[in-house]
Amino acid sequence: MSASIGARVLILGQDQDSLGGDLDRLQAFRGDIGSLEMWDFPLTSAEVRQIASCQRRPSGSVVSLDTDDFESFGDVQEVWVDFDYFCRPQINRPYYMIYPSKIHKNENIHLCYLMNTTLPVPKDDIDNQLLYTELGLLKNMCNFPQFMLWLGIVRDNGSDQWLNMYTKTPITYSNFHSRFPKGGSAYFCGYMTNDGRWADAYCQYSRCGACLLRRTDFITMRGLCFKNRLETRFYPKGYKGGKPVFHSFHGYVIFWDEGGYQWHLYNSATKQEMASLKTRRHWLPLVCVSGQCTQKYGSDEEDCGLVNIPKGYIQYLAPRGPRNSPLPLIPIVTLVRVAHVDNINMAIDVEFVVSITWRDDRLSFQHLSTSGEKFISKEDVTRMWMPQFQILDLVDAKYKLLENIVIVSTSKGAQLPVFNSIKRDPFYPGKDNNITSSSQHTAQITCSFDLYVYPFDVQMCSIRLRLPHSYVNNVYFDVNKGSAFFTGKQDLALYTISNVHYDSRSDKTNLAINFELCRRQGLVLMTTFIPSMLLLLVSWATLFIKQEALNVRAGMALTTLLILYTLFANFSRSIPQTDIVKLAQAWQVRCQDGRQQLGPSGEGKHPSSLTILLTPVPPGAKLTKSKVRTLSLRLSLAAGRGNQRRVPSYLCHQNPLTASNAKGRCQYNERVRSSMDISF
């Protein structure tokens, strides 16, 4: 705009590179100018306050935009408003950016997402008119056959209502044609037609796209040597070649070159091109969002990983701890399950998870989230220092790594890079954030069983870990901050698992996780103790059989003895073979010996017993007809006070139950009721 002031000319909204000429349309002012007044004398403070509060209508003595004649050049729109318009309450009206290409609605949604904005949803006639006016600037490019523009509204299939696709709430304003919406089973998306009214269509149709922008929205140009942060900020205003043009507050312009398929950065002050960018799409380069690269449209972005590894990083060197101290490793060991307990070989099969947490001040992280943990990719893990440890007490090296994951478990100390850095995502220093490596293992480890009180024993087993010798004075286990857990089933078939804890003897390089295996006695009681007691009772029952049926007594006693021996032998094969006498073995011996001291008893009587004696007959001894073999089996039933039976002298020294009396005669020490020799 220009106006003549006497012999002089006032030019507004342009930069004169020479007196009254060399104007560049890319250097034109973009914005609104209203109530421009100039005086040739100073105004008082009271006058300024009155004008600013709309209490007084200004009228410049030199120039007044309202009364002087101005000549307009280019795309200048003149709108007359009341003076109160400048003092009205601030109305945050949006503005729109049009994508004049045929795209599906999902593509439009994605483009707006990259701009951190949404599809337009007009709220009233004013919003609708603003959108229609913006669309009219590109009507030639969106006229197929009538220009159409996607809106951010969808039809709910259940209620048949039109909803804001972002808030999922019914819209309060609509401007449909009289014959629209058609509805049906396919038309779920709304769009604007060439007269500013709305219609519905199939969502896979192609329409022009648009995004709703706020007055405060801007994009940031990265990777150039701008002098200050404001120079990096651009806002969309106008179009060139059918594409948006982005302007900065310091005279820089970004525009699209249709012929070269390039975006150009132009300095309108120096009239020099600063940079250009080739891309396979007409729109802006795609960006990383939440740690993921956007590859749908062919992104040229790189280095969208989670870990920033600096140049010169030496992987095999461990990081240092706080204030250049040795690096602490915080261990958390979780015993997942005990799969099998081998009593004979004293070994157990276990599954456990070792989680080690540390910090590496040489690294930094990006794209972290405050809402949860972030997994580090295997490619990054192979380039990082990772703690190593050895599992001890393995049986035949039986060990398997099931899974190993590495995460960044915190997101502290977020910082922004310098404004000229090509990376604009916040980064998180490694010195403030924890790295956790969790490895799941299965292994067969040894466990020294103490079986003295078997089967009432409680075994203490351990999972032992050891750091490499190269870690001494550089890396250590911080056991005080670590912990041990058991998450599996506690009650196994033969054991109960309890008391999982770190061994008090764990140190900086050795870590032991103890857990108790409490043997469940039910099986042993049912298969050993109770059967042996029942057999003993059966043997006692023979004491109540008449003396005349001595053969029946002897048969039952022998059968009981053989069964007890078989039970004892089978039981011995089911427990570890050690030289320690176990409680269960002592019970078995006592059961066989107990027949001599236990049984029915009465008042004034000694306990009854069944004694089975196997004695050899020396050569040359006089044998009766019944003693026809070299072995003699003597069965003696002793109860109460009976007669002392004399024993042949040649048997006295071979039988521990016999001894010589005061007269030198050999007799039984026990009082017997009857006895009988059976030879075979």
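Is Asp 393 buried, exposed or partly exposed? The points below take up this residue after the overall composition of the model.

1. Overall composition. The structure is a predicted model. Its secondary structure comprises eight helices and 37 strands. The protein has 680 residues, of which 41% count as buried. When contacts between residues at least 6 apart in sequence are considered, 65% of them join residues at least 24 apart.

2. Asp 393. This residue is partly exposed, its relative accessible area being 30%; that value falls between the limits of 20% for buried and 50% for exposed. Asp 393 is located in the loop between β24 (390-391) and β25 (394-408). Its phi is positive, at about 60°, although the residue is not a glycine. Most residues other than glycine have a negative phi.

3. Arg 323. A positive phi is also assigned to Arg 323, which is not a glycine; here the value is about 55°. The residue belongs to the loop between β19 (307-308) and β20 (327-342). Arg 323 counts as exposed because its relative accessibility is 81%, the cut-off being over 50%.

4. Cis peptide bond. The bond from Phe 180 to Pro 181 is cis, with omega near 0°. Pro 181 sits in the loop between β7 (162-164) and β8 (187-192). For context, most peptide bonds are trans.

5. Helix α5 covers residues 522-541. At 1.5 Å a residue, its 20 residues should span 28 Å, and the distance of 27 Å between its end C-alpha atoms agrees with this.

6. Helix α5: burial. Which residues of α5 are buried? They are Val 524, Thr 528, Phe 529, Ser 532, Leu 535, Leu 536, Ser 539 and Trp 540.

7. Packing of α5 on α6. Helix α6 consists of residues 550-573, and α5 packs with it at an angle of about 165°, the two axes being 10 Å apart. The pair is therefore roughly antiparallel, since angles over 145 degrees are placed in that class. The crossing of α5 past α6 is left-handed. On the α5 side, the contact is made by Val 524, Thr 527, Thr 528, Pro 531, Ser 532, Leu 535, Val 538 and Ser 539. On the α6 side, Met 556, Thr 560, Ile 563, Leu 564, Leu 567 and Phe 571 take part.

8. Met 386. This residue occupies the loop between α4 (378-381) and β24. Met 386 is buried, with a relative accessible area of 12%, which is under the limit of 20%. Leaving aside residues up to four places away in sequence, Met 386 touches Trp 358, Val 381, Val 406, Ser 437 and Tyr 471. Its C-alpha atom is separated by 9.9 Å from that of Pro 319, a residue 67 places away along the chain.

9. His 250. The loop between β13 (243-248) and β14 (252-257) holds His 250. With a relative accessibility of 36%, His 250 counts as partly exposed. Residues up to four places away in sequence not being counted, His 250 touches Asn 228, Leu 230 and Glu 231. His 250 and Asn 267 are 17 residues apart in sequence, and their C-alpha atoms are 8.8 Å apart.

Terms used
Residues are numbered from 1 along each chain as its sequence is written. This is a predicted model: local features need pLDDT of at least 70, side-chain atom pairs count only at pLDDT 80 or more; totals for chains, interfaces and linings use all residues. Side-chain values use heavy atoms; hydrogens and water are left out. Helices (H or I, at least four residues) and strands (E, at least two) are DSSP runs, numbered from the N terminus. The expected span of a helix is 1.5 Å times one less than its number of residues. Buried means under 20% relative accessible area, exposed over 50%, partly exposed in between (1.4 Å probe, protein chains only). Axes are lines fitted to C-alpha atoms, for helices over the stretch in contact, and angles run from 0 to 180 degrees between N-to-C directions. Angles under 35 degrees count as roughly parallel, over 145 as roughly antiparallel, 65 to 115 as roughly perpendicular and the rest as oblique. A crossing is left-handed if the near helix is turned anticlockwise from the far one by less than a right angle, and right-handed if clockwise. Contact means heavy atoms within 4.5 Å.
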